[in-house]
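I opened a notebook page for this two-part look-up. The entries follow in the order in which I made them.

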Amino acid sequence: MSKHGISNHIRKLRFEHDEMTQQQLADQVKVTRQTIVAIEKGKYSPSLELAFKIAKVFKIPLEQVFSYESEK
Amino acid sequence: MIIVLGIYYWTVFERFNSQVMTTDEQLQFWSKAILIAIPLSIITKIVVMIVFAISNYLITREKMPSFEDERDKLIELKATRNSYIIFGIGFFISLTVLAFGYPPKYMFISIILGGIASEIFDNLSKVYYHSKGV
């Protein structure tokens with residue numbers, strides 16, 4: 001989980017979608033591969049727009065890609 | 001870039017120390033030195049970026065992105081903020097130096113050092129945010 005409390009399942013989802021590469025996902029959502037790497041590692045929390053774009057690529061709702069756990 | 005600016009300012013200091021100048025001449029000398037440093041740093045930055053892009057491609061075989069995405073812009077903004085803080089501190093010190101009656105050369109030295117330090121902090125910030133996350 002990232003320092004912002006947001007975790008994601010992008011790596012698993014990529015694997016389930018014909019082992020989609022980070023570059024292919026990056027091209028589809030119009031960001032650099034480095035940004036996809038950072039999101040997967042939890043080092044960057046994407047904007048709402050980018051999060052929706054990623055969810056759209058996998059054709060699933062946003063909450064199935066990202067989850068938020070608030071700090072107690 | 002830091003090396004080029006370091007060498008440039010070193011030669012400027014050498015020239016300054018070898019001459020006897022009035023206060024007006026000193027102000028003119030340092031103003032010219034800083035004005036020359038601006039295009040010099042821009043040209044150096046362009047050359048460094050070209051060399052980095054070529055060497056990066058030769059090593060990784062991966063082309064550098066041709067655009068900036070939201071993460072790049074955020075990192076750029078945060079790095080610029082950090083460098084402005086450092087430059088602001090340098091500028092504040094330069095005014096303080098002048099206010100306490102030191103010769104104008106110390107004011108310009110403070111501005112130059114602040115500028116170089118802000119450039120270093122800008123680059124270090126980018127490296128930090130890219131590796132540790134933003």
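**Chain B: fold and extent**

I began with the secondary structure of chain B, which comes to 4 helices and 0 strands. Read from the N terminus, the elements run α-α-α-α. I then looked up the radius of gyration of chain B and found 18 Å, well over the 14 Å that the globule rule gives for 134 residues, so chain B is more spread out than a compact globule. I noted that this is a predicted model.

Along the principal axes, the C-alpha atoms of chain B fill a box of roughly 55 × 25 × 20 Å. I also checked burial: 13% of the 134 residues of chain B count as buried. For contacts in chain B with a separation of 6 or more, I found that residues 24 or more positions apart account for 72%.

**Chain B: a helix pair**

Two packed helices are described by the angle between their axes and the distance between the axes. I looked up both values for helix 1 (residues 2-17) of chain B and helix 4 (residues 104-132) of chain B: the angle is about 170 degrees and the axes are 11 Å apart. Because an angle over 145 degrees counts as roughly antiparallel, helix 1 of chain B is roughly antiparallel to helix 4 of chain B.

Next I listed the residues that make the contact. Helix 1 of chain B contributes B:Ile2, B:Leu5, B:Tyr9 and B:Phe16. From helix 4 of chain B come B:Lys105, B:Ile112, B:Ile116, B:Glu119 and B:Ile120. Sorted by class, this contact has 7 nonpolar, no polar and 2 charged residues.

**Chain A against chain B**

I turned to the interface, where 9 residues of chain A are in contact with 7 residues of chain B. The side of chain A that touches chain B has 4 nonpolar, 3 polar and 2 charged residues.

**Chain A: confidence**

Where pLDDT is low, the predicted coordinates should not be read in detail. Among the elements of chain A, the lowest mean pLDDT, 91, belongs to strand 1 (residues 6-8) of chain A, and the highest, 96, to helix 4 (residues 48-58) of chain A.

**Chain A: one residue**

Is A:Gln23 buried or exposed? I placed A:Gln23 in helix 2 (residues 22-29) of chain A. A:Gln23 has 12 C-beta neighbours inside 10 Å and therefore counts as exposed. I also looked up its separation from A:Phe66, 43 residues apart along the chain: the C-alpha atoms of A:Gln23 and A:Phe66 are separated by 20 Å.

Terms used
Residues are numbered from 1 along each chain as its sequence is written. Chains are lettered from A and ligands numbered from 1 in the order in which they are written. This is a predicted model: local features need pLDDT of at least 70, side-chain atom pairs count only at pLDDT 80 or more; totals for chains, interfaces and linings use all residues. Two residues are in contact if their C-beta atoms, placed from the backbone, lie within 7 Å. Ala, Val, Leu, Ile, Met, Phe, Trp, Tyr, Cys and Pro count as nonpolar, Asp, Glu, Lys and Arg as charged, and the others, Gly among them, as polar. pLDDT is the predictor's confidence in each residue, from 0 to 100. Helices (H or I, at least four residues) and strands (E, at least two) are DSSP runs, numbered from the N terminus. Axes are lines fitted to C-alpha atoms, for helices over the stretch in contact, and angles run from 0 to 180 degrees between N-to-C directions. Angles under 35 degrees count as roughly parallel, over 145 as roughly antiparallel, 65 to 115 as roughly perpendicular and the rest as oblique. The radius of gyration is taken over C-alpha atoms; the globule rule is 2.2 Å times the number of residues to the power 0.38. A residue is buried if 20 or more other C-beta atoms lie within 10 Å of its own, exposed if 12 or fewer, and partly exposed in between; C-beta atoms are placed from the backbone.
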